[in-house]
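Here is a friendly walk through the contacts in this model, from domain to domain and from chain to chain. Have the structure open as you read.

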Amino acid sequence: MKEIRGKIYGVSGPTVIASGMSNAVMNTVCLVGRQGLLGEIIRIREDRAILQVYEDTGGLTVGEEVVSYGRPLSVTLGPGLLTNIVDGIQRPLLKIKEASGGFIGKGVKAEALEMDRVWEFRPVKKPGDHVEPGAIIGEVPETERITHRVMAPPGVSGVIKDIISGNATGRAPVCVLEDGTEIGLYQQWPVRLQRPFKAKLPPEVPFKTGQRVFDTLLPVAEGGTAIVPGGFGTGKTVVEQTIAKYATCDIVIYVGCGERGNEMSEILTDFPTLKDPATGLPLSLRTVIVVNTSNMPVAAREASIFTGITIAEYYRDMGYSVALLADSISRWAEALREISSRLEEMPGEEGFPPYLATQLGGFYERSGKVKCLGPDERTGSITVISAVSPPGGDFSEPVTQASLRFAGALWALDPDLAYRRHFPAVNWLVSFSLYQTELLDWYSREISPDMLRLRARLFELLQKQSELREIIQIIGVEALQEADRLTLEVANIASEAFLKQSIFNEADAFNTFEKQFWMLKVLFAYMDNASAALKRGVYIETILDSPLRTRVLRMQNTPNDGFGKNAEGLINEIESEFSTVEEK
Amino acid sequence: MDLITREYRTITSITGPLIFAEKVKGGGLGEMCVVRMAGGEIRRGQILQLLGDRAIVQVLQGTSGIDAEAASVLPTGETARAGVSMDMFGRVFNGFGDPIDGLPPIIPEKHLEIAGLPMNPASREKPDFFVQTGISAIDGLNTLVRGQKLPIFSGAGLPAKELALQIVRQSKVSEAADFCVILGAMGITAREAFFFRKALQETGSSERTVAFVNQASDPTIERLFTPRIALAAAEYLAFEKGYHVMVVLTDMTAYCEALREIGSAREEIPGRRSYPGYMYTDLASIYERAGRLKGQKGSITMMPILTMPDDDITHPIPDLTGYITEGQIVLSRALHRKGVYPPIDVLPCLSRLMNLGIGKGKTRDGHRTLADALYSAYARGIDVRRLVTIVGEEGLTELDRKYLSFSEEFEKRFIGQGDEDRSIDATLDLGLELLKIVPERELTLRARKG
């Protein structure tokens with residue numbers, strides 16, 4: 001690769017102008033200045049290249065050297081990614097901590113993954129076997145939870161001449177082909193380039209978050225995208241973290257993009273001890289954390305979501321279902337805006353560059369369920385759930401609007417619910433899911449055909465609730481008809497017991513689809529039987545004072561296991577009590 | 001000074017606080033400069049941008065009186081640094097770290113870069129140590145923990161400074177001897193400066209206090225330096241001397257306005273309400289300096305105060321702040337008019353780190369449930385209050401009346417505690433007592449109509 005040496009001509013915030021850079025290539029990286037700061041060429045004008053620099057530019061002077069090796073900004077992919085925590089350009093923060101203590105020193109260097117670490121390589125191919133791109137040649141037990149599948153990189157095929165078994169490091173190949181091509185444990189991939197796959201598959205299976213309001217009302221499909229916009233304090237980060245903890249998937253990539261350091265420290269402390277509900281193993285064994293907090297260099301923040309999604313694609317290619325949680329995409333957009341403004345580009349709406357939507361689309365569209373490269377028919381998926389932080393909580397702003405065009409589900413968070421400590425503070429009237437039609441078959445097949453009916457009733461009930469609330473704002477609750485009062489009571493139980501979910505209560509924090517289904521059964525059994533009793537002439541006070549109401553209201557605190565049986569019992573009690581209760 | 005100095009008498013233009021100088025070679029981004037004026041007066045400047053041999057330099061003391069022909073710019077080879085030592089306690093400095101209390105300069109133990117370095121997220125210690133502020137609305141409902149940044153969103157004329165000082169005074173009582181306070185004041189009036197000084201002296205906190213004060217009449221650029229110097233001092237005391245430092249920054253609105261002034265002088269493309277597009281990043285570089293480090297004893301807890309223009313919480317300053325800080329304490333004009341002190345509007349308040357700092361062994365088992373119940377009941381009471389304006393008190397149900405009376409009592413007794421320093425136990429007991437106004441049955445269905 002050609003090497004180009006230029007000199008710094010100008011410095012403004014995170015951008016550097018380098019002169020003497022003829023023949024430089026767009027989007028390749030350079031080392032800038034005496035400290036060798038990493039930068040990426042984002043614009044070329046004659047012999048000048050404009051770079052965004054991923055580290056603090058303080059102290060750079062005009063005339064310092066800029067060197068380009070013609071390589072694009074890439075991440076290292078291979079075993080050791082899991083349990084790791086890296087910054088926006090994949091610098092390992094634990095190694096940096098060893099090198100420079102509590103604070104990130106200027107120009108600290110560290111290899112993304114430990115090339116000398118010894119892994120146990122178990123070949124699944126033997127000499128003489130043919131491999132094609134994406135073919136699995138061997139496995140490495142990366143963590144107790146995840147087996148790392150070592151694949152022939154895209155573009156590599158041939159007949160195996162030699163393949164090792166046992167201890168392997170990043171310093172030597174694990175497999176050599178007849179034509180001399182070497183395949184190692186590690187591969188490099190440019191972050192801005194989507195990794196190839198055979199075909200995209202339609203989203204027909206729900207991504208199980210374990211959260212009732214999402215799974216039942218506003219589902220996102222495996223391979224889908226959901227956005228979570230909300231003003232500050234509405235609980236975006238809690239939603240992202242809850243999904244990271246409880247979602248049923250193989251791999252979680254958590255991208256903390258321009259957010260708070262203290263929140264990240266919470267994840268870092270908790271994930272090694274918290275158990276994955278599916279396997280009982282520590283959550284950290286399935287998690288990669290990419291974190292570029294708000295005070296870390298802004299250009300690296302811009303790169304962080306691409307670093308995250310490239311790692312996600314790599315695990316998807318192994319055939320895993322991956323969740324990419326981005327918190328928050330607005331901070332990424334702001335980084336883009338900040339750099340664009342330094343380049344003195346013509347601003348679009350709210351100062352964001354006109355290419356905001358294109359770039360966002362490029363990111364969101366890297367989600368999806370795919371048939372992976374390779375001879376076997378394995379499939380993998382990336383589900384993207386990204387938080388959006390609209391200024392002033394106003395959803396009409398460009399980042400929310402652009403995200404809405406690519407998102408299949410909108411989980412809109414509402415400050416009013418948050419003020420009332422109703423979490424997740426999802427406004428179910430504003431939110432939507434475009435996946436419901438595609439997922440109906442699955443619900444009907446895998447849970448119960450009745451699920452669709454109950455779900456529709458719940459929607460109807462919530463709609464009625466909002467109408468009734470408007471009325472009581474004017475005339476007071478006493479003036480409502482008794483049937484409406486009962487509807488309102490049941491709707492309130494629905495929002496309190498079903499839509500609200502507490503992460504502090506073990507039984508409540510994560511719910512299976514089966515439990516969600518049975519909860520709805522109980523709720524509507526209560527509603528139907530109470531209505532019948534009311535029609536028979538029972539006082540509404542008598543109905544509401546029945547301890548059954550409290551039991552329905554607290555059913556979420558019953559564990560997943562055996563919930564169906566408990567629910568059946570409760571339904572029987574509801575039926576017998578309301579059919580025998582005395583009339584006025 | 002070196003014998004060979006790089007001095008450039010090549011100022012081409014002057015705009016607001018900025019000078020544009022040519023043939024400035026060798027100066028680094030962020031490097032400090034000396035601006036020598038015709039009469040020999042010396043001012044300090046900092047390089048904001050470099051392009052070829054041209055540099056944009058912001059002059060800390062302002063550009064008034066600079067003669068473009070006669071003045072010169074001299075890069076010093078140093079980034080902006082502040083001298084720190086234990087002798088800072090009890091002293092008052094300006095926003096550049098020069099003493100303004102009439103006493104001689106301190107003898108620095110260290111010179112720290114005021115911009116600081118970003119804390120490594122992997123080195124942060126999870127903030128979970130409860131700080132008792134003695135304020136019920138905070139301790140009970142929006143608990144503060146060590147290492148948190150919890151701003152006070154105030155409005156013009158609301159007693160944010162009084163509240164901040166009360167928190168400082170009362171936290172000092174509950175915290176151990178290694179507690180200290182750093183005040184960073186930006187663009188405050190002479191009256192406010194006097195108020196702070198007097199209040200800190202009265203509480204006997206001054207020997208454990210370092211103050212960096214930039215008054216409204218002082219140069220604008222100094223406001224950009226003040227919080228950073230204050231935080232450099234805080235990092236020194238917390239992570240080298242093991243203190244638990246409470247940093248009070250006031251008023252962040254004046255800081256942001258200074259930022260906007262520079263942005264507009266640099267002819268940058270303005271963002272929302274003409275504040276610069278990078279204001280989020282800039283504010284984050286201040287707020288994110290709060291925290292604790294693994295294996296270190298000290299901590300930095302931050303309480304920035306800002307004035308919401310026209311009490312608008314969606315204004316860019318409170319909005320961006322709220323997106324960075326771990327919650328917010330919001331003051332209410334309505335409560336203030338009612339005579340409730342502190343006038344904390346608890347509904348929009350939040351402490352994101354509360355759950356880490358409460359519960360068994362920290363405050364009390366059931367603290368979370370109690371706080372949630374108080375919140376829901378109060379929110380319901382506020383709804384009823386709205387209803388009263390439409391249907392009148394007669395139209396209320398018995399239950400509604402109870403919620404109404406709860407909300408009144410809650411404001412009067414729980415929030416409106418006056419100067420009382422309440423222990424966490426007293427706060428929680430009072431909360432439990434107030435909840436008795438609402439029937440037990442109701443509490444199982446909290447917020448059911450809301």
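Buried area here is the accessible area (1.4 Å probe) that two parts lose on being put together, summed over both. The size of an interface is often given in this way, as the accessible area lost when the parts come together. This is a predicted model, in which local features need pLDDT of at least 70 and side-chain atom pairs count only at pLDDT 80 or more, while totals for chains, interfaces and linings use all residues. Residues are numbered from 1 along each chain as its sequence is written, chains are lettered from A and ligands numbered from 1 in the order in which they are written, and side-chain values use heavy atoms, with hydrogens and water left out.

**Domains of chain A**

- Domain bounds come from an automatic or database domain assignment, which for chain A gives domain 1 (4-72), domain 2 (116-185), domain 3 (199-439) and domain 4 (448-580).
- Between domain 1 of chain A and domain 3 of chain A, the C-alpha centres are 31 Å apart.
- Twelve residues from domain 1 of chain A and ten residues from domain 3 of chain A make up the contact, where contact means heavy atoms within 4.5 Å.
- Domain 1 of chain A and domain 3 of chain A bury about 880 Å² between them, and carbon and sulfur atoms give 66% of that area.
- On the domain 1 side, A:Pro14, A:Arg43 and A:Tyr54 lose the most area to domain 3 of chain A, together 49% of what that side buries.

**What holds the eye between domains 1 and 3 of chain A**

- One salt bridge is found across this interface of domain 1 and domain 3 of chain A; the term means a side-chain nitrogen of Lys or Arg within 4 Å of a carboxyl oxygen of Asp or Glu.
- A:Arg43 and A:Glu345 meet in a salt bridge through their side chains, at 3.4 Å from N to O.
- Two residue pairs are in polar contact between domain 1 and domain 3 of chain A, both residues of a pair being at pLDDT 80 or more.
- A polar contact is a pair of N or O atoms within 3.5 Å; within protein, one must be able to donate a hydrogen and the other to accept it, and residues adjacent in sequence count only if both atoms are side-chain atoms.
- Helices (H or I, at least four residues) and strands (E, at least two) are DSSP runs, numbered from the N terminus.

**Chain A against chain B**

- In this interface, 83 residues of chain A are in contact with 77 residues of chain B.
- The two chains bury about 6800 Å² between them, with 56% of it on carbon and sulfur atoms.
- Four salt bridges are counted between chain A and chain B.
- A:Lys106 forms a salt bridge with B:Glu113, and their closest N and O atoms are 3.7 Å apart.
- The rule also finds 27 residue pairs in polar contact across the interface of chain A and chain B.
- By class, the side of chain A that touches chain B has 29 nonpolar, 28 polar and 26 charged residues.
- Here Ala, Val, Leu, Ile, Met, Phe, Trp, Tyr, Cys and Pro count as nonpolar, Asp, Glu, Lys and Arg as charged, and the others, Gly among them, as polar.
- Strand E1 (residues 4-12) of chain A and strand E4 (residues 42-51) of chain B run antiparallel and are joined by three bridges; two strands pair if DSSP finds at least two bridges between them.
- A:Val11 has B:Leu50 as its bridge partner in E4(B).

**Domains of chain B**

- The assignment for chain B gives domain 1 (3-79), domain 2 (82-357) and domain 3 (361-449).
- Domain 2 of chain B puts 29 residues in contact with 26 residues of domain 3 of chain B.
- About 2200 Å² is buried between domain 2 and domain 3 of chain B, 56% of it on carbon and sulfur atoms.
- B:Ser136, B:Leu141 and B:Leu347 supply 25% of the area that domain 2 of chain B buries against domain 3 of chain B, more than any other three residues.
- B:Lys338 forms a salt bridge with B:Glu411, with the closest N and O atoms 2.7 Å apart.
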